[in-house]
Amino acid sequence: MNTVIEIKRSSNKNLLHGYRVQLPAYMKAERADHGIFMVILDKDNYDEIKQKLKRVQDEMTEEGEYVPEILYINGMKQPSASKEDYKLPSSVFKE
């Protein structure tokens, strides 16, 4: 199995293009069976980005195209867990 991974920051203006155009092009060039699109969340925009990418996925499904998996990674600055006064954040990603 051959897998291609495309990584973009959530603030990247070419995020949707990366998912819809770049990743499939890389998959074709590498003769990959699978693709993974990794979104590094560098702003508090998870819901907005997820909604936009869902619309693209729906279009791809309707057109009978392969729909790559999407992974979301929290890339926002976090307090250090090694500090004595660290407290687990109350907000975590919810699916």
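Visitor: How are helices α1 and α2 oriented to each other?

Guide: Two packed helices are described by the angle between their axes and by the distance between those axes. In this predicted model, helix α1 (residues 15-30) and helix α2 (residues 46-62) pack at an angle of about 25°, and their axes lie 10 Å apart. Angles under 35 degrees count as roughly parallel, and α1 and α2 are therefore roughly parallel to each other. The crossing of α1 and α2 is right-handed.

Visitor: Which residues of α1 and α2 meet?

Guide: From α1, the residues L15, L16, Y19 and R20 take part; in α2 they meet I49, K52, L53, V56, Q57, E59 and M60. The residues of this contact divide into seven nonpolar, one polar and three charged.

Visitor: What is the order of the strands in the sheet?

Guide: The sheet is open, and its three strands follow the order β1-β2-β3 with parallel pairing. Strands β1 (3-9) and β3 (69-74) stand at the edges with a single partner strand each, so one side of each has no neighbour in the sheet. Neighbouring strands are turned by 20° against each other on average, direction ignored.

Visitor: How many bridges join β2 and β3?

Guide: Strand β2 (residues 34-41) pairs with β3 in the parallel sense over six bridges. For I40, the bridge partner in β3 is I73.

Visitor: Where do the helices lie on the sheet?

Guide: Helix α1 packs on the sheet and touches β1, β2 and β3. The direction of α1 makes about 155° with that of β1. Helix α2 lies across β2 and β3, and runs at about 170° to β3.

Methods:
Residues are numbered from 1 along each chain as its sequence is written. This is a predicted model: local features need pLDDT of at least 70, side-chain atom pairs count only at pLDDT 80 or more; totals for chains, interfaces and linings use all residues. Side-chain values use heavy atoms; hydrogens and water are left out. Axes are lines fitted to C-alpha atoms, for helices over the stretch in contact, and angles run from 0 to 180 degrees between N-to-C directions. Helices (H or I, at least four residues) and strands (E, at least two) are DSSP runs, numbered from the N terminus. Angles under 35 degrees count as roughly parallel, over 145 as roughly antiparallel, 65 to 115 as roughly perpendicular and the rest as oblique. A crossing is left-handed if the near helix is turned anticlockwise from the far one by less than a right angle, and right-handed if clockwise. Contact means heavy atoms within 4.5 Å. Ala, Val, Leu, Ile, Met, Phe, Trp, Tyr, Cys and Pro count as nonpolar, Asp, Glu, Lys and Arg as charged, and the others, Gly among them, as polar. Two strands pair if DSSP finds at least two bridges between them.
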